[in-house]
Amino acid sequence: SLDKKDQGKLKKQYLRCSVILNDSDPQIKFDVFERLNTGSEKLQPQEIRNCTFRGNFNDLIKKLAKNENFKKMLKLNIANSKNMTDVEYVLRFFAYSLDMDNYKGSVCEFLNNFMRNHRNLTAIQIEQYENLFEQTIKNLYRVLGVNAFKRYIPDKRNWYSVTNKALFDAEMVAFSKVDITELPDDAVENILHQIQDIMNNEDFIKTIERTTNIVDRVHTRIDYIKEILVNNGGRLVEN
């Protein structure tokens, strides 16, 4: 129904196509999926990973995100509870806890690579990963309860209500590296007070508030929490 002039314009146009094969670089697949996802309702990165990195590891992190104590500590709002933000937090834990040496400063690329490289786990690995996560959550909840992943405000003697991703990394990874299962209650109480105290330490605050993805700052904030756990009788473990 178009006139000849408009038909001619359409016929002279080119459509550029890129062919994505099964063995194409997974990062390219992720990037293309993300670029195509610019219309309607935008998907979050973990929703894209859920589509592009399928396997039993993906099934596992979705299962672990339903842990009741984990949900209490994370305190996500309704919107974030529906867009797989909770699942991305579980992925962050495993990536930083098990593959920190490969972190170069790009969080998205780091998480993508970890999911790609661990998409299919053995039955033994699945059991090990699940036990590691569950024990970490149990010990962390024992110390901080629903205040885990939150910044303490010494002047007001109160906790922020919003989860801090940098604190999440520091606390989860440190508690996965140091076992406090056998510690008495007084030692647990000391750990709590010392975690509160470092929230007044300018060097520590810098690692959780400003340019938090710098590699050195990720290591530093984790080491701060690990040192507190070890100094109170925690036992270093290998993941």
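The chain folds into 13 helices and four strands. The coordinates come from a predicted model, and every feature described below is computed from that model. Along its principal axes, the C-alpha trace spans about 85 × 45 × 30 Å. Of the 239 residues in the chain, 43% are buried.

Helix H1 covers residues 4-11 and helix H2 covers residues 26-36, with Ile20 in the loop between them. Ile20 has a relative accessible area of 36% and is therefore partly exposed, since the partly exposed class runs between the 20% limit for buried residues and the 50% limit for exposed ones. Together with Ile28 and Val32, Ile20 makes a nonpolar surface patch of about 210 Å².

Helix H3, made of residues 45-52, is mostly covered, with six of its eight residues buried. The buried residues of H3 are Gln46, Glu47, Ile48, Arg49, Asn50 and Thr52. One of them, Arg49, returns below as a member of a salt-bridge network with Glu88 and Lys165.

Helix packing comes next. Two packed helices are described by the angle between their axes and the distance between the axes. For helix H9 (residues 123-144) and helix H10 (residues 165-177), the axes come within 9 Å and cross at roughly 110 degrees. H9 is therefore roughly perpendicular to H10, because angles of 65 to 115 degrees fall in that class. The crossing in which H9 passes H10 is right-handed.

A second pair of helices, H11 and H13, packs at an angle of about 150 degrees, and here the axes are 10 Å apart. H11 and H13 are therefore roughly antiparallel to each other, as angles over 145 degrees are placed in that class. H11, too, passes its partner H13 in a right-handed crossing.

Side chains of opposite charge can pair when their charged atoms come close. A search of the whole structure finds ten salt bridges. One of them joins the side chains of Asp185 and Arg142, with an N to O distance of 3.0 Å. Asp185 belongs to helix H11 (residues 185-198) and Arg142 to helix H9, so this pair ties together parts that are 43 residues apart in sequence. Asp185 is exposed, with a relative accessible area of 59%, whereas Arg142 is partly exposed, at 33%.

Another salt bridge links the side chains of Asp169 and Arg221, at 3.6 Å from N to O. Here Asp169 lies in helix H10 and Arg221 in helix H13 (residues 215-231), so the pair ties together parts that are 52 residues apart in sequence. Both Asp169 and Arg221 are buried.

Asp179 forms a salt bridge with Arg235, and the closest N and O atoms are 3.1 Å apart. Asp179 is in strand S3 (residues 178-179) and Arg235 is in strand S4 (residues 235-236), so the parts tied together are 56 residues apart in sequence. Elsewhere, salt bridges that share partners join Arg49, Glu88 and Lys165 into one network.

Most residues other than glycine have a negative phi. Lys75, however, has a phi near 50 degrees, a positive value in a residue other than glycine. Lys75 sits in the loop between helix H5 (68-74) and helix H6 (78-81), and its relative accessibility of 41% makes it partly exposed. Thr211 likewise has a positive phi, near 40 degrees. The loop that holds Thr211 runs between helix H12 (202-209) and H13. With a relative accessibility of 52%, Thr211 counts as exposed, because the exposed class takes in values over 50%.

Methods:
Residues numbered from 1 in each chain as written. Predicted model: local features only at pLDDT ≥ 70, side-chain atom pairs only at ≥ 80, totals over all residues. Heavy atoms only, no water. Patch = residues over 30% accessible without salt bridge, like charges linked within 9 Å, V, L, I, M, F, W, Y side chains within 5 Å. Areas by Shrake-Rupley, 256 points an atom, 1.4 Å probe, with all protein chains shown as cover. Salt bridge = Lys/Arg side-chain N within 4 Å of Asp/Glu carboxyl O. Helix = DSSP H or I, 4+ residues; strand = E, 2+ residues; numbered from the N terminus. Buried < 20%, exposed > 50% of the residue type's maximum accessible area, 1.4 Å probe, protein only. Axes fitted to C-alpha atoms, helices over the stretch in contact; angles between N-to-C directions. Parallel < 35°, antiparallel > 145°, perpendicular 65-115°, else oblique. Left-handed = near helix turned anticlockwise from the far one by under 90°.
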